[in-house]
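This report is intended for a reader who meets the structure here for the first time. Please keep the sequence and the 3D view at hand while reading.

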Amino acid sequence: MNIRNSILKSALFVTLLGLGSCATTKNDSDATSQKDVLSYVDPNIGTAHSRWFFYTPAAVPYGMAKLAPSTNGSYGNNDGWEAVGYDTRHTSIEGFVHFHEWQVGGISFMPTAGELKVKPGQLESSASGYRSEFDRKNEVAQPGYYKVLLDEHNITAELTATKRVGFHRYTFPQNEQSRIILDIGNVQGESGWITDASVKMIDDTHFEGFVETYPKYVKKYDPEGKVFMYFYGEVSKKPLRVGSFTEKGIEASSRAAQGKGAGLFLEYNTKDQEAIEIKVGLSYTSTQNAKLNLTTEAEKLSFDKAKELAQKDWRQELSKLQVEGPNEKDKIKFYTGLYHALLGRGVASDVNGSFPRHDGTIGQLPRDAKGNFSYNFMNTDAIWGGYWNITQLWTLAYPQHYNDFVHTQLQVYKERGWFGDGIANSNFVSGVGTNMVGLAVAAAYNAGIRDYDTELAYKAVYENEMGYKNRKEGSGKMDTKAFVERGYSPFIGGGNVFITDSTGSTFSASHTMEYAFSAYAAAQMAKSMGKTEDYQKLMKYADGWKNLFNPETKLIHPKNINGNFITPFDPYQAWRGFQEGNAIQYTFFVPHNPEALISAVGKEEFNTRLDNIFTESQKNAFGGGKTIDAFAGINALYNQGNQPNLHISWLFNFSGKPWLTQKWTRAICNEFYGTEGVHGYGYGQDEDQGQLGSWYVMASLGLFDVKGFTDERPIIQIGSPLFDKATITLGNKKKLVIETQNNSADNVYIQSASFNGKPLNNCWLYLDELMKGGKLEFVMGNQPNKAWGVAVPPTAAN
């Protein structure tokens, strides 16, 4: 009997042979604490089919200035989100770009020599433009620094940054036709249409300008919005000549350009090994603030000192989590994942607290009693799935970033009346058309991160889950009215037509599952704040998933507006009732109440089905196999490469078989994640601003919460700690040490455990207990101890 027919009849999978976890090669090495942590970060991992914001080595954690080489950023992309920017399979560079965020990109510089060219040209033919071939043996990418030799021009380019200032150093050969191209008015990555641009020299060595863009997701979800990027820069050497260009052509003796395609070229007569440096202050609010950012952060800063400070910043932040053990590849995966978690979602406010508002005005951050800003305003991709990785990491060790996220969303709520799913300069850029921000804010509150107006936060959370009158499309959840009235969202649309409106959605089933989870999170926040009536109301909606549970197939099955299960129905089919997933995957999307789901399926069948899913999925690298495409695994049994699946391997802790969570989370860490350009986060998967990297960090520590810290008193589940020792500097400055005995590639199973010297017999702890710090100790073995961790299952729904 094949698996498909088995699911259709009873959803009980045929028994498949378990493949076990994959052993990894061990190498003797010094402990991480004896080696520079930066040496374990490889920004080039996973750069095949990587997103626009994925590869920005010349940046500081959560910086505005995120400099990176671009191989095809000028191509843009048709759908507004696809992989573009830098790809390990490409062999030429077309420029070095300053802004890299979700739906935000622009300001490209390129050093050249020889014949004047003002267009980057084609990937397949570097001679068609100013781009240059390069060899990766002559490339260095580190946290805070990038260096490459441009072969065709024999120019060495180096990049680094402060939080809001980009630094370039170009070392030229002897040449009477050396140039620096300032390409301002053209598409870069996800920037979308360029509606206006300007660049001008304001004296012999200083320049300023802006670019105004209309990204695809702004056009779709917030059509009255725009994204502005401003800059003010200085070059270390006066150019001999300055020319300009636009889409209309070249002006050989012009010091300014305005409109689409605007740019300048600075011409030099260079000596051999002559270095010319550029500093570029950046801002989303004005050229004046770009200048202020430059003078405040970098006026007297040399390139080498900026690099030193950037790498000091990275070293400090990465070292908040220290891991030890003999396997170097595991450390590379760990710290590269942590690097991506700390790289995404950059600051959008200036040194004076100015930040961009949707209506084009400039907002102002409040100061505390000491005159400091208590938070940063951020640009951010959606938090869809982030509660299973990045928010948990923030909670443990980086609460300030979580605080910034909450404050940013509350600022947007005050201006717009709604949370935004993704945010680009206060514009709604929803991406997936749903909105899990309320859940993330509620989880922050329940995890004890409360440095904001909590009553305002609750009001915004409640409206996000229950409000639908005059709801803006960019805030997502446009089918909230249907969910509130029916307890589920009905299926509408179909084919290649994706619809979400007040009557339902093409993604109705996945929306129902998400809204039920979010209602639970809001309910727990209400309970914590003593809002009993709201708590009781919201908890009823938390059971919305039950309205779509088909007792015959024991699968989540979309219903139409008449309340009937849709036909025909293929549980493998994505995009019909389910966004970026299918019925097999989304049936497990009841993270707030796994016990009820397990009971509905039947514990034995649940465990058999789930174990067989992982046994079969292991043959396909736990996702889309080796297909280089972000959606390669959405019609599979399981897909580690996308958000809806990331809690599933941890559900065995709730179903009485925690040893299977230990087995499969370790296997995913070993096999899905790699250390190559093509195989980094699966093969071409969707690493949304640090989410998949954060998942590896949490899983390799052996810590995770299926519920995303949404419980009134959050818990955290235990998996299979990968390292011999991990030391976490918690957000409250206390230390948590996780130590293992007898750990190895084969010894993935917990035999016994203790916390602060007392036996730990459960496969979970309360988060507040863990945050007190101390020592978690595990004894590992190569066979499951089926008696450990099963006495008291994780807490049931509150």
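The sections below treat the annotated span, a sheet, a helix, aromatic contacts, selected residues and the backbone.

## Basis of the model

The model is predicted: local features need pLDDT of at least 70, side-chain atom pairs count only at pLDDT 80 or more, and totals for chains, interfaces and linings use all residues. Residues are numbered from 1 along each chain as its sequence is written, and side-chain values use heavy atoms, with hydrogens and water left out.

## The annotated span

An unreviewed UniProt entry carries the annotation "domain: Glycosyl hydrolase family" for residues 289-782. UniProt positions are given in the numbering used here, feature names are shortened, and such annotations may be inferred rather than shown by experiment. The span 289-782 is 38% helix and 13% strand, and its end C-alpha atoms lie 59 Å apart. Helices (H or I, at least four residues) and strands (E, at least two) are DSSP runs, numbered from the N terminus.

## A six-stranded sheet

An open sheet is formed by six strands in the order E19-E32-E33-E37-E34-E35, with mixed pairing. Two strands pair if DSSP finds at least two bridges between them. Strand E19 (321-324) and strand E35 (758-759) stand at the edges with a single partner strand each, so one side of each has no neighbour in the sheet.

Strand E34 (residues 749-755) runs antiparallel to E35, and two bridges join them. Ser 754 has Pro 759 in E35 as its bridge partner.

Helix H15 (residues 603-618) has 16 residues, which at 1.5 Å a residue should span 22 Å; its end C-alpha atoms are 23 Å apart, which agrees. The expected span is 1.5 Å times one less than the number of residues.

H15 is mostly covered, with twelve of its 16 residues buried. Buried means under 20% relative accessible area, exposed over 50%, and partly exposed in between (1.4 Å probe, protein chains only). Among the buried residues of H15 are Phe 606, Leu 610, Ile 613 and Phe 614, as well as Glu 605, Arg 609 and Asp 611. The cover over the buried residues of H15 includes strand E27 (555-556), helix H13 (583-586), helix H14 (594-601) and helix H16 (658-671).

## Aromatic rings and charges

A pair of aromatic rings is described by the distance of the centres and the angle of the planes. Rings of Phe, Tyr and Trp (its six-membered ring) pair if their centres lie within 6.5 Å; planes under 30 degrees apart count as stacked, over 60 as edge-to-face and the rest as tilted. The count by this rule is 49 aromatic pairs. One of them is the edge-to-face pair of Tyr 55 and Tyr 146, at 6.5 Å centre to centre and 85° between the planes. Tyr 55 lies in the loop between helix H1 (3-9) and strand E1 (68-70) and Tyr 146 in strand E7 (residues 145-150), so the pair ties together parts that are 91 residues apart in sequence. Tyr 55 is buried at 3% relative accessibility, and Tyr 146 is buried at 0%.

One aromatic cluster is formed by Phe 54, Phe 672, Tyr 673, Tyr 681, Trp 695 and Tyr 696. Charges also sit over rings, which requires NZ of Lys or CZ of Arg within 6 Å of the ring centre and within 35 degrees of the ring normal. Lys 219 lies over the face of Trp 193 at 4.6 Å from the ring centre, and Arg 416 lies over the face of Phe 428 at 4.3 Å.

His 340, in helix H5 (residues 328-343), is buried, with a relative accessible area of 4%. Contact means heavy atoms within 4.5 Å. Not counting residues up to four places away in sequence, His 340 touches Phe 54, Tyr 681, Glu 687, Gln 689 and Gly 690.

Glu 176, in strand E10 (residues 175-183), is exposed, with a relative accessible area of 60%. Beyond residues up to four places away in sequence, Glu 176 touches Arg 241, Tyr 268 and Asn 269. The C-alpha atoms of Glu 176 and Tyr 268 are separated by 6.6 Å, although these residues are 92 residues apart along the chain.

## Backbone features

The peptide bond from Thr 567 to Pro 568 is cis, with omega near -10°; Pro 568 lies in the loop between E27 and H13.

Asn 425, a residue other than glycine, has a positive phi near 55°. Asn 425 is placed in the loop between strand E22 (423-424) and strand E23 (427-428), and is buried at 3% relative accessible area.
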